[in-house]
Amino acid sequence: MKDLYFAGSSLDEIKNFPVDAKREAGFQLDRVQNDLEPENWKPMKTVGAGVREIRIRCADGTYRVMYTAKVRDTVYVLHAFQKKTQKTPQKNIELAKKRLKEIGG
């Protein structure tokens, strides 16, 4: 099982999700830690090579968790947020990029 590391305030960001979204984020991150793919994800090449975005939909809205599992033997959660528009806002991409750089990715 891979270690799990939360960059910046990403753990607090997930803790602020509604209960259903928080539970789903935890379940999907557990899959990643165990070398399984999340059930609903897409690559985030705009953030960096190997970065993926877990897509979560629940009654309270749409949520995203950006992570990479390509650096050492750890899953790095870079950013988590509620998505309110079709396109991922640039500020979310830039924050994830900054955190990826900080972990040496």
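This is a predicted model: local features need pLDDT of at least 70, side-chain atom pairs count only at pLDDT 80 or more; totals for chains, interfaces and linings use all residues.
1. **Overall fold.** The chain has three helices and five strands. Their order along the sequence is β-α-α-β-β-β-β-α. The C-alpha trace spans about 35 × 30 × 20 Å along its principal axes.

2. **Burial and contacts across the chain.** Of the 105 residues, 45% count as buried. Consider the contacts with a separation of 6 or more: residues 24 or more positions apart account for 48% of them.

3. **Helix α2, length.** This helix covers residues 19-33. At 1.5 Å a residue, its 15 residues should span 21 Å. The C-alpha atoms at its ends are 21 Å apart, which agrees.

4. The buried residues are Ala 21, Ala 25, Gln 28, Leu 29, Val 32 and Gln 33. They cover an arc of only 145 degrees around the axis, so they sit on the same side of α2. Two of the six are glutamines, Gln 28 and Gln 33. On the other side, Val 19 and Arg 23 are exposed.

5. **Helix α2, its cover and its end.** The cover over the buried residues of α2 includes strands β1 (3-6), β3 (51-58), β4 (61-68) and β5 (74-83). Helix α1 (10-15) is also part of that cover. Just after α2, Asp 35 takes a positive phi of about 60 degrees.

6. **Helix α3, length and buried face.** Residues 90-102 form α3, a helix of 13 residues. From first C-alpha to last it reaches 18 Å, close to the 18 Å expected at 1.5 Å a residue. Its buried residues are Asn 92, Ile 93, Ala 96, Arg 99 and Leu 100.

7. The face turned away from the buried side carries the exposed residues Lys 91, Lys 98, Lys 101 and Glu 102. On the buried side, the cover includes α1, β3, β4 and β5. Gly 104 follows α3 and has a positive phi, near 90 degrees.

8. **Largest nonpolar core.** This core has 16 residues. Ile 14, Phe 17, Leu 29, Ile 56 and Val 65 touch the most other members. The elements giving two or more residues to the core are α2, β3, β4 and β5. The largest share, four residues, comes from α2.

9. **Phe 17 and the second core.** Which residues does Phe 17 contact, leaving aside its neighbours within four places in sequence? They are Lys 22, Ala 25, Tyr 63, Arg 64, Val 65, Ala 80 and Phe 81. A second, separate core has 11 residues, including Phe 81, Ile 93, Ala 96 and Ile 103. Ile 93 and Ala 96 are also among the buried residues of α3.

10. Glu 13 lies in helix α1. Is this residue buried or exposed? Its relative accessible area is 15%, under the 20% cut-off, so Glu 13 is buried. Its side chain makes a polar contact of 3.0 Å with that of His 79. Another polar contact, of 3.3 Å, joins the side chains of Glu 13 and Arg 99. Arg 99 is itself one of the buried residues of α3. Beyond its neighbours within four places in sequence, Glu 13 is in contact with His 79, Ala 80, Leu 95 and Arg 99.

11. **Thr 62, partly exposed.** Thr 62 lies in strand β4. Its relative accessible area is 22%; buried means under 20% and exposed means over 50%, so Thr 62 counts as partly exposed. Thr 62 and Lys 83 are 21 residues apart along the chain, with their C-alpha atoms separated by 5.4 Å. Leaving aside neighbours within four places in sequence, Thr 62 is in contact with Ile 56, Arg 57, Phe 81, Gln 82 and Lys 83. One of these, Ile 56, is a member of the largest nonpolar core. Another, Phe 81, belongs to the second core.

Methods. Residues are numbered from 1 along each chain as its sequence is written. Side-chain values use heavy atoms; hydrogens and water are left out. The expected span of a helix is 1.5 Å times one less than its number of residues. Buried means under 20% relative accessible area, exposed over 50%, partly exposed in between (1.4 Å probe, protein chains only). The arc is that of the directions from the helix axis to the C-beta atoms. Contact means heavy atoms within 4.5 Å. A polar contact is a pair of N or O atoms within 3.5 Å; within protein, one must be able to donate a hydrogen and the other to accept it, and residues adjacent in sequence count only if both atoms are side-chain atoms. A nonpolar core is a set of buried Ala, Val, Leu, Ile, Met, Phe, Trp, Tyr and Cys residues joined through side-chain atoms within 4.5 Å.
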